[in-house]
Every structure is written in structure tokens, then in C-alpha cells.
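Colleague: Could you walk me through this model slowly, please? I am new to reading structures.

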Amino acid sequence: MKTNLPSIFKAFQRSDDYFEILNDPENSRKYLITQLLYVVLFSFIYGVIMGSYNGGLQSLVTGIKMPCLIVLSLLICFPALYVVQSMIGSTMTIYQMANIILAGFFVFTTIALSFSPIIVFFMITSDSYSFLKLLHVAIFTFSGIFAVKTIINGLKFSCEKKNIYPKLGMSIFKIWVVILAFVSSQLAWNLRPFVGSRDMPFELLRIREGNFYIAVIHSAADLFRPDDKSKQDKQNVSPIIQPDSTSNKNYVERR
């Protein structure tokens, strides 16, 4: 099988054939590099589109941040998964397991990138910074569901047809996915901003305050308070106090 993009898309329609190739010890390293390149490329393009809301500089920086977010999350979490799986009886090589995990991220970045026209549409027709942030979170969640399903299919294939992966590993993987989600969200929070607010100057990184989940809640609340900013602006304008002639007159008379 060739390693070009159309062939890989066809392989996802026949997952057993695709994971059969990924489990081939002779080609596992080659497919690892191929999938990693696609993940980096797709996440970079998505990041460029994501950051274009706030100008060219933010677009370039976010394009670099997105692949860094994915690769760093894997580097932080993958060793624990591989060590634990090996201890419970997995005979998969590090390349075979990494290929299956990267297959999920390949699906993740492919689906996320396919939403680019929708993102561009809302960037053109809407000026709500909070809405755009929530839109990206929704896209990541939706893409992540398919990514996890792909990895589970790969692990099942290795368990049931290759007999190189223990059944207990499936339960451990589900716990690992939750850990990966927390690590990724925390890392994303430390690498922010990704979208970038037009009301703020460009920042490479912001100060560490709050957390990802509180920010999502505040963004959701902001959607129901679209006039809060204008109200706040009005409140910040000091009223001009007109002299009260009646009070002055009474004051003079009392004296």
C-alpha cells in the first residue's frame, strides 16, 4: 500500500486492512513518520485558520502552537501508557502502539480541518470572540470522539486478531484517554491565546490565571450577555453633574 493521502483515507474505510499495515514490524517506523507528518501538517493549517481571526501574526503563532500542543501532549502521556501496557502483558512494539495512537490523532486533525469552511464562515459573519472559542472547543470534542473510536478499533484488532494486546489494556486505555484530555486542556491553557481577542494587543503567551474549564463556562455565559460590554462602557463614563440652583439657594438662605 502506498503512503499517499488518498490511500490512507481509503484505509480508514477498511480499518482492519489499515491496522494490519500499521502492525507490520518492517514498515511500522515508516508509517509512524508518515502519520506524524500528516498530523503536524493538518494541525498547522487548522491553527493558521484559527488564529487568522486576530490577524496574520496570531495566525502564524497559532499555526505553530497547534502541532506543539498535540506532540507535547503525546510526549507527556504516551510513556505511561506504553509502560503500563507492557507490564500487563502487551507484546506490541513501541512503534506499533505509537502508530495506533497516531492513527487516532490523524483522524482528529482530519475531521477538525474539514470544519474549516464553517469556521471561516462564522469569522466573517460574526464578531463574537466567545462564540468562536466555544466553536473550536465543540469541534475538538466532536473530532476527539472519532479519534478515540479509531484507537479503540486499532487496539481491538491487535487484541482479537493479532493476539499481541491484552483485553485488560482496553480498560486502562479508557483511563489514559481521560488523563490525556486533562493534560491537553491544561497545556492548551498554558499555551493560550489561540484565537486571540481583537480588543487586546497581541500576546505570545498570557499570564497563568484561572483554568480551561472556568474559561469555557465564562465564554458560554458571555453568549447570553452580548450587551454587557456596552453597558460596562456606559457605566465607566462619569456623568456630568449639573449644579443644583435650588440647593445652592437654600444653602445661602440657611446661612
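**Overall make-up**

Modeller: The secondary structure of this protein amounts to eleven helices and zero strands, where helices (H or I, at least four residues) and strands (E, at least two) are DSSP runs numbered from the N terminus. This is a predicted model, in which local features need pLDDT of at least 70 and side-chain atom pairs count only at pLDDT 80 or more, while totals for chains, interfaces and linings use all residues. Residues are numbered from 1 along each chain as its sequence is written, and side-chain values use heavy atoms, with hydrogens and water left out.

Colleague: How much of the protein is buried?

Modeller: Of the 255 residues in the protein, 40% are buried; buried means under 20% relative accessible area, exposed means over 50%, and partly exposed is in between, with a 1.4 Å probe and protein chains only. The protein exposes about 14900 Å², of which carbon and sulfur atoms supply 65%, and such areas come from the Shrake-Rupley method with a 1.4 Å probe, where for residues only the protein chains shown count as cover.

Colleague: And which residues touch the most other members of the largest nonpolar core?

Modeller: They are Tyr-46, Ile-101, Tyr-165, Phe-173 and Trp-176, in a core of 54 residues. A nonpolar core is a set of buried Ala, Val, Leu, Ile, Met, Phe, Trp, Tyr and Cys residues joined through side-chain atoms within 4.5 Å.

Colleague: Which helix gives the most to this core?

Modeller: That is H5, which contributes ten residues.

Colleague: Back to Phe-173, what is that residue in contact with?

Modeller: If we leave aside its neighbours within four places in sequence, Phe-173 is in contact (heavy atoms within 4.5 Å) with Gln-85, Ile-101, Val-148, Ile-151, Ile-152, Leu-155 and Tyr-165.

Colleague: Now His-136, is that one buried or exposed?

Modeller: His-136, which is found in helix H7, counts as buried because its relative accessibility is 2%. Apart from neighbours within four places in sequence, His-136 is in contact with Tyr-46, Met-50, Ile-119 and Val-195.

Colleague: You mentioned Ile-119, so which residues of H6 are buried?

Modeller: The buried residues of H6 are Ser-116, Ile-119 and Met-123. They lie on the same side of H6 because they cover an arc of only 60° around the axis, the arc being that of the directions from the helix axis to the C-beta atoms.

Colleague: Why would residues spaced like that point the same way?

Modeller: An α-helix has 3.6 residues a turn, so residues three or four places apart point the same way. On the other side of H6, Pro-117 and Ile-124 are exposed, while the cover over the buried residues of H6 includes H3, H5 and H7.

Colleague: Changing topic, how many aromatic pairs are there?

Modeller: The structure holds 13 aromatic pairs, and rings of Phe, Tyr and Trp (its six-membered ring) pair if their centres lie within 6.5 Å, with planes under 30 degrees apart counted as stacked, over 60 as edge-to-face and the rest as tilted. One aromatic cluster is formed by Tyr-46, Phe-105, Phe-108 and Phe-140.

Colleague: Which ring does the charged end of Arg-192 sit over?

Modeller: The charged end of Arg-192 sits over the ring of Trp-189, 3.8 Å from its centre; the rule is that NZ of Lys or CZ of Arg is within 6 Å of the ring centre and within 35 degrees of the ring normal. Arg-192 is also joined to Pro-193 by a cis peptide bond, with omega about 5°, and Pro-193 lies in the loop between H8 and helix H9 (212-223).
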